[in-house]
Amino acid sequence: MDYSKKTRDDLISELKSLRARLGESDSSETDGERKQSRPGTSDADYRAIFDTANDAIFIHDIETGEILDVNQKMCEMYGYLPEEARKLNVEALSAAAPPYTQEDAIRWLRKAAQGEPQIFEWMAKDKHGRMFWVEVSLKCTVIGGKERLLAIVRDITERKRAEAALREAKDQLELKVKKRTEELRKKSEEQESFTYSVSHDLQAPLRTIQALAKKLTTDLAERLEEKFQKDLLDIGRAAENTNRLLEDMLAYARLGMQSFSKVDVSLKNILVESQFEVIDSIEKRGADIHISEPLPVVKGHERTLVRLFANLISNAIKFVPPDRKPEVHIRASRSGDCVRVSVQDNGIGIAPEYSERIFRMFERLHSQQKYPGTGVGLAIAKKAVELHGGSIGVDSEPGKGSTFWFEIPD
């Protein structure tokens with residue numbers, strides 16, 4: 001076997017650590033050095049250490065692969081007497097299991113004989129045909145002044161069983177999660193369908209109530225006392241607010257029911273369209289909308305993104321004190337594999353403890369009289385972001401405005 005000097009030196013270095021385990025001295029030492037470094041070491045001492053090792057050990061002829069020696073642990077593990085083991089070959093001790101073959105074992109042996117240490121898992125077979133998993137470490141070393149192939153074999157059957165049990169448990173858990181997810185999806189679809197149907201069906205009678213209240217107010221204006229006129233106006237306003245709530249509930253339900261396919265869309269175009277959706281609020285409050293360009297192109301559902309921005313802009317304008325001109329700053333940038341968008345206002349701000357609560361359905365932090373609304377707008381925004389596989393949040397302090405942000409995968 002042809003080894004370069006560098007390879008031989010590396011093997012000798014490896015052998016030193018092996019000798020500490022097996023109780024041998026390095027073959028590169030002289031007899032004098034050996035005696036001086038390890039006085040009193042005998043063949044009996046060496047054999048005692050060799051046979052008390054916790055792993056099975058084979059020593060092979062490096063040229064022929066013949067088994068020259070085995071330790072006591074090998075005999076216990078495989079069920080052979082030492083003289084029986086020396087007559088065996090690798091094939092007799094192996095029960096190749098997928099994805100490995102006997103050819104793989106021979107290839108590893110050759111690589112180890114060429115100075116490339118090998119570590120692999122293998123299915124072994126004992127004298128009585130019992131199969132068990134082992135971890136095999138192969139390396140070329142020097143024993144008794146001659147190059148040998150050393151195989152250290154550890155029984156890992158229990159570990160493999162534990163791994164198999166863990167895989168099975170993981171598969172069962174994934175199956176349960178998948179089943180539960182499907183159940184939740186169906187329940188969510190049923191709930192959205194119910195919400196849509198109820199909201200849609202209630203709009204017709206509400207419109208009738210609004211129309212009748214308006215007609216009575218007009219027709220009986222001169223004959224009704226002021227108190228009754230006010231009552232009719234309150235009925236009309238209540239019907240209008242309820243109708244607005246139903247419209248928001250319909251919008252929320254539609255998000256989950258519509259077909260959702262993502263394409264490349266320009267955020268610049270989305271923002272133009274979303275401002276038209278809330279143009280009345282912008283003009284009524286004289287709000288200034290500042291957009292930092294350039295704006296990226298994103299993968300998304302166009303109508304859903306328009307609704308998302310419209311709700312965030314409307315929210316940014318609404319919660320600004322009446323004596324303050326609303327200023328809304330919109331920015332977008334790429335962050336890793338996501339696009340991050342922020343909508344900053346100069347409004348009243350939000351206390352940190354409410355930063356998650358405000359995204360729930362019907363959650364309101366202020367009275368209807370002070371800041372009118374249905375409490376659904378931010379819930380719609382959150383659902384729109386989640387449908388895109390993203391996340392949404394807010395950074396805010398009371399009195400210092402708010403910055404609503406969301407991230408969606410690019």
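Which side chain does the side chain of Ser 402 join in a polar contact of 2.8 Å? The partner is Ser 396, whose side chain meets that of Ser 402 at this distance, a polar contact being a pair of N or O atoms within 3.5 Å, where within protein one must be able to donate a hydrogen and the other to accept it, and where residues adjacent in sequence count only if both atoms are side-chain atoms. The model is a predicted one, in which local features need pLDDT of at least 70 and side-chain atom pairs count only at pLDDT 80 or more, while totals for chains, interfaces and linings use all residues. Residues are numbered from 1 along each chain as its sequence is written, and side-chain values use heavy atoms, with hydrogens and water left out.

Ser 402 belongs to strand S12, residues 402-409 (helices, H or I of at least four residues, and strands, E of at least two, are DSSP runs numbered from the N terminus). Its relative accessibility is 4%, and Ser 402 therefore counts as buried (under 20% relative accessible area, with exposed meaning over 50% and partly exposed in between, for a 1.4 Å probe and protein chains only). Leaving aside neighbours within four places in sequence, the residues in contact with Ser 402 include Val 343, Asp 345, Ile 350 and Ser 396, contact meaning heavy atoms within 4.5 Å.

Asn 346 is found in the loop between strand S10 (338-344) and helix H12 (377-387). Polar atoms of the Asn 346 side chain lie 3.0 Å from the backbone oxygen of Lys 325 and 3.0 Å from the backbone nitrogen of Glu 327. Not counting residues up to four places away in sequence, Asn 346 also touches others, among them Val 320, Pro 326 and Gly 401.

Across the whole structure, a search finds 7 aromatic pairs (rings of Phe, Tyr and Trp, the last by its six-membered ring, with centres within 6.5 Å; planes under 30 degrees apart count as stacked, over 60 as edge-to-face and the rest as tilted). Trp 108 and Phe 120 form a stacked pair, 4.0 Å centre to centre with 25 degrees between the planes. Because Trp 108 lies in helix H6 (residues 102-113) and Phe 120 in strand S3 (residues 118-125), the pair ties together parts that are 12 residues apart in sequence. Phe 309 and Phe 406 form an edge-to-face pair, at 5.6 Å and 70 degrees; Phe 309 lies in helix H11 (residues 302-318) and Phe 406 in strand S12, so this pair ties together parts 97 residues apart in sequence. Both Phe 309 and Phe 406 are buried.
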